[in-house]
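Work through the exercises below with the structure in view. Each task is followed by a solution in steps.

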Amino acid sequence: MTSIIDQRTAAVIELTSVPTRRKRGRPSKASIAAAAEAILPPNQAVPSNLSSRSRPASHPTVPDLSGEHALFDGLIEDAMTAIEKGPSVPDQVLGRYAPLASLLRSVSFHEGRLLERGLAVVAALHPDLQVLGKPLKLPLVEAAVQAISTNRWEVLDGVCFDADAGTKGTYRPDLVIVNRKTRKAFVIDLKRSLAAYGDSTLADLTSRMMATGLVLPDFLYKRHKRLSITSVDIAVIDGASRKSDHTQGIWKLGELDDLLGLPGAAAAMEHLRSTFGERVRALIESQALGALGLQQPSPTASSTAPTRSRKHDGPQVEKAGRAEAGRSSDETPVACIVVGFARSASGSG
C-alpha cells in the first residue's frame, strides 16, 4: 500500500462503508420556507401554503410541492420544451414513425436531467444541505484508482489523495451535496432507470465514484473556499425505484428520505416524475395519432399549459448551492476522512 500512495497523499483517512451517525437539527417552518424562497426566481413569490407538513420536531421536512405554484413547474416546462424542440432524424426503416422514435429517445434523456434538477431543488430545502452549484469535474487520481482496484475497501487505511496529483481522466457526478452540519459529502449519480445496467457496469461506476471520493476532501478544500468535510458517501440512485442494494451504494428514488435524512423528499420526487409522465404521455399520444394520419399532432403540448416568466437552471442551482463560493473558512484540512457507500440516515454507526 505504501508504494502505491508514496508522495501522493494529503492526509491520512479511514476508508470504510460503516455509516457515520447524522446529527439532526431542529429547523422551523419559517427556515424551510426561507430556503425555498432562496431558489425561487426573483419574480415568483413564495406560495402562502408553502409550509412544512406534520412531522417530528427534530426532522426538517420537504414542503408540499404539489400545488398550482409548485417549485417544480418551471423544471417540467423546461423539459417539455426541450423535448418538443428536439431534432427529428429521418430514418428509412421507420419512415413516418421516425419523429416518434426521436421523441421517445429525447424523453429518456430529459427525464434524467429533470430528476437531477428536481433533486437539487429538494435538497436545497434542507437547512443543513448545500448543493454545490456547478457540476464538478473530479479528477481520477491514478494512485486512488489503483488503491480501489487492488484492495478491499474495508481494509484500506487509505489516504486523502492530492487532487493535483497525476490523473487517469475525470469523473463528473450528477450532484455533490454537502451536509454542513455533519460535514458529510454525498457524491450522487442519478439514473432514470438501472434496468439496462449490468453488475459489471455498476461495479465500474461505483469504483470510479469511490476513487474520486478519496480525492474529494482535498479538492473541495483547495477549490471551494476551504470547504472542509470529514466523510464521503457515494450513492447511485435508480429513478425507476426498481433496484436497491445499500451495501453496494445502490438506492431507489423512493428511499431519498432515508438517504438525505429529509422526510418528504421521496414523495416530492415521485410527484415530479408522475406529473412529467402525464405530460409526456399526452405528447406521445398526439404524435402517434399524427404518425398514423388520424389527426394532426398539436404544435406543442406545453403551449396549452400555464406559463410564467422565470429564470431556470443556472440561478436555481446556484441559489440551491447557498452561495458556497462567497464563504470562506479558516479551518485546516481534516486528518480523518471516512469514505463509503451511503447508508440510512437513521442507522447507527
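**Exercise 1.** Determine how α3 and α9 are oriented relative to each other in this predicted model.

Solution. Helix α3 covers residues 73-84, and helix α9 covers residues 265-291. Their axes come within 11 Å and cross at roughly 30 degrees. Angles under 35 degrees count as roughly parallel, and α3 and α9 are therefore roughly parallel to each other. The crossing of α3 past α9 is right-handed.

**Exercise 2.** State which residues of α3 and α9 meet, and classify them.

Solution. On the α3 side, the residues are I76, E77, A79, M80, I83 and E84. On the α9 side they are L272, T275, F276, R279, V280 and L283. The residues of this contact divide into 8 nonpolar, 1 polar and 3 charged. In an α-helix there are 3.6 residues a turn, so residues three or four places apart point the same way.

**Exercise 3.** Compare the span of α3 with its expected span, and list its buried residues.

Solution. α3 has 12 residues and reaches 17 Å from its first C-alpha to its last. This is close to the 16 Å expected at 1.5 Å a residue. The buried residues in α3 are G74, L75, I76, E77, A79, M80 and I83.

**Exercise 4.** Locate R183 and K225, and decide whether each is buried, partly exposed or exposed.

Solution. R183 sits in the loop between β7 and β8, with a positive phi near 60 degrees. Its relative accessibility is 25%, so R183 counts as partly exposed. K225 sits in the loop between α7 and β9, with a positive phi of about 55 degrees. At 47% relative accessibility, K225 also counts as partly exposed.

Terms used
Residues are numbered from 1 along each chain as its sequence is written. This is a predicted model: local features need pLDDT of at least 70, side-chain atom pairs count only at pLDDT 80 or more; totals for chains, interfaces and linings use all residues. Side-chain values use heavy atoms; hydrogens and water are left out. Helices (H or I, at least four residues) and strands (E, at least two) are DSSP runs, numbered from the N terminus. The expected span of a helix is 1.5 Å times one less than its number of residues. Buried means under 20% relative accessible area, exposed over 50%, partly exposed in between (1.4 Å probe, protein chains only). Axes are lines fitted to C-alpha atoms, for helices over the stretch in contact, and angles run from 0 to 180 degrees between N-to-C directions. Angles under 35 degrees count as roughly parallel, over 145 as roughly antiparallel, 65 to 115 as roughly perpendicular and the rest as oblique. A crossing is left-handed if the near helix is turned anticlockwise from the far one by less than a right angle, and right-handed if clockwise. Contact means heavy atoms within 4.5 Å. Ala, Val, Leu, Ile, Met, Phe, Trp, Tyr, Cys and Pro count as nonpolar, Asp, Glu, Lys and Arg as charged, and the others, Gly among them, as polar.
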